[in-house]
Amino acid sequence: MTVLNVPISHSVVQTNHLNMWKRKGKGIDLLKHPLKSKKYRSTDLGRKILGSAISIMPQASHNVLQSVTPLVIGVLCADNNIPVKFGSIVLLTPTRKTYRSIIADMATSVIQSHQVPS
């Protein structure tokens, strides 16, 4: 058995625990990175999910969507103890133009998936 002289300012951690903390840290960094962005960046899956949410409430205006989305993101962060500047969340949400584009993409996708074969 090896005895180490570890300073009081340090702790000894088992390798498996260290690796688990590294994995968790990487996951948190992946989540926090987009939250620090200055503008909305979408993914294909994100646009589809947002399009599905929009289709649930077809009467919602673009203004309502722009108002509700940052609140939902804020709730997600607050409930998961993710530190974020709530004023910056507004920058992370889609613009009216982006919402219009998502709605158009959803409509096009629906039409394409229901085409009658020739």
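Biologist: Which helix holds asparagine 63, and is this residue buried, partly exposed or exposed?

Modeller: This is a predicted model. Asparagine 63 sits in helix α3. Its relative accessible area is 41%. Buried requires under 20% and exposed over 50%, so asparagine 63, at 41%, is partly exposed.

Biologist: How far apart in space are asparagine 63 and arginine 96, C-alpha to C-alpha?

Modeller: Along the sequence, 33 residues separate asparagine 63 from arginine 96. In space, the C-alpha distance between asparagine 63 and arginine 96 is 7.4 Å.

Biologist: What span should α3 have at 1.5 Å a residue, and how far apart are its end C-alpha atoms?

Modeller: Helix α3 has 18 residues, which should span 26 Å at 1.5 Å a residue. This agrees with the model, where the end C-alpha atoms of α3 are 26 Å apart.

Biologist: Which residues of α3 are buried, and within what arc do they fall?

Modeller: The buried residues of α3 are Leu65, Thr69, Pro70, Gly74 and Cys77. Seen down the axis of α3, these residues line one face of the helix, because they fall within an arc of 165 degrees.

Biologist: Which exposed residues does α3 carry on the face turned away from its buried side?

Modeller: In an α-helix, residues three or four places apart point the same way, because there are 3.6 residues a turn. On α3, the face turned away from the buried side carries the exposed residues Leu71, Val72 and Asp79.

Biologist: What is the relative accessible area of cysteine 77, and how far is it in space from lysine 32?

Modeller: Cysteine 77 is found in α3. Its relative accessible area is 2%, so cysteine 77 is buried. Cysteine 77 and lysine 32 are 45 residues apart in sequence, and their C-alpha atoms are 9.7 Å apart.

Biologist: Which residue just after α3 takes a positive phi, and of about how many degrees?

Modeller: The residue is asparagine 81, and its phi is about 50 degrees.
Its place in the chain is just after α3.

Biologist: Which residues of α2 are buried, and within what arc do they fall?

Modeller: The 13 residues of α2 should span 18 Å, which agrees with end C-alpha atoms 19 Å apart. Buried in α2 are Arg47, Leu50, Gly51 and Ile54. They line one face of the helix, because seen down the axis of α2 they fall within an arc of 105 degrees.

Biologist: Which exposed residues lie on the face of α2 turned away from its buried side?

Modeller: That face of α2 is turned away from the buried side, and its exposed residues are Leu45, Ile49 and Ile56.

Biologist: What is the volume of the largest pocket, and which residues are closest to its centre?

Modeller: The volume of the largest pocket is about 830 Å³. Of its 27 lining residues, the closest to the centre are Tyr40, Leu50, Thr69, Ile73 and Leu92.

Biologist: Which helix gives the most to the lining of the largest pocket?

Modeller: By class, this lining has 20 nonpolar, 5 polar and 2 charged residues. Helices α1, α2 and α3 each supply at least two residues of the lining. The most, 7 residues, comes from α3.

Biologist: Where is threonine 93 found, and which residues does it touch beyond four places in sequence?

Modeller: Threonine 93 is in the loop between α4 and α5. Its relative accessible area is 8%, so threonine 93 is buried. Not counting residues up to four places away in sequence, threonine 93 touches Tyr40, Thr69, Pro70 and Ile73.

Biologist: How many helices and strands does the protein chain have?

Modeller: Read along the sequence, the pattern is α-α-α-α-α. The protein chain has 5 helices and 0 strands.

Definitions and conventions. Residues numbered from 1 in each chain as written. Predicted model: local features only at pLDDT ≥ 70, side-chain atom pairs only at ≥ 80, totals over all residues. Heavy atoms only, no water. 1 Å grid on protein atoms, 1.4 Å probe; cavity = no way out; pocket = protein on both sides within 12 Å on 5 of 7 lines; lining within 4 Å. Points joined across faces, edges and corners; volume = space filled by probe spheres on them. Nonpolar A, V, L, I, M, F, W, Y, C, P; charged D, E, K, R; others polar. Buried < 20%, exposed > 50% of the residue type's maximum accessible area, 1.4 Å probe, protein only. Expected span 1.5 Å × (residues − 1). Arc of directions from axis to C-beta. Contact = heavy atoms within 4.5 Å.
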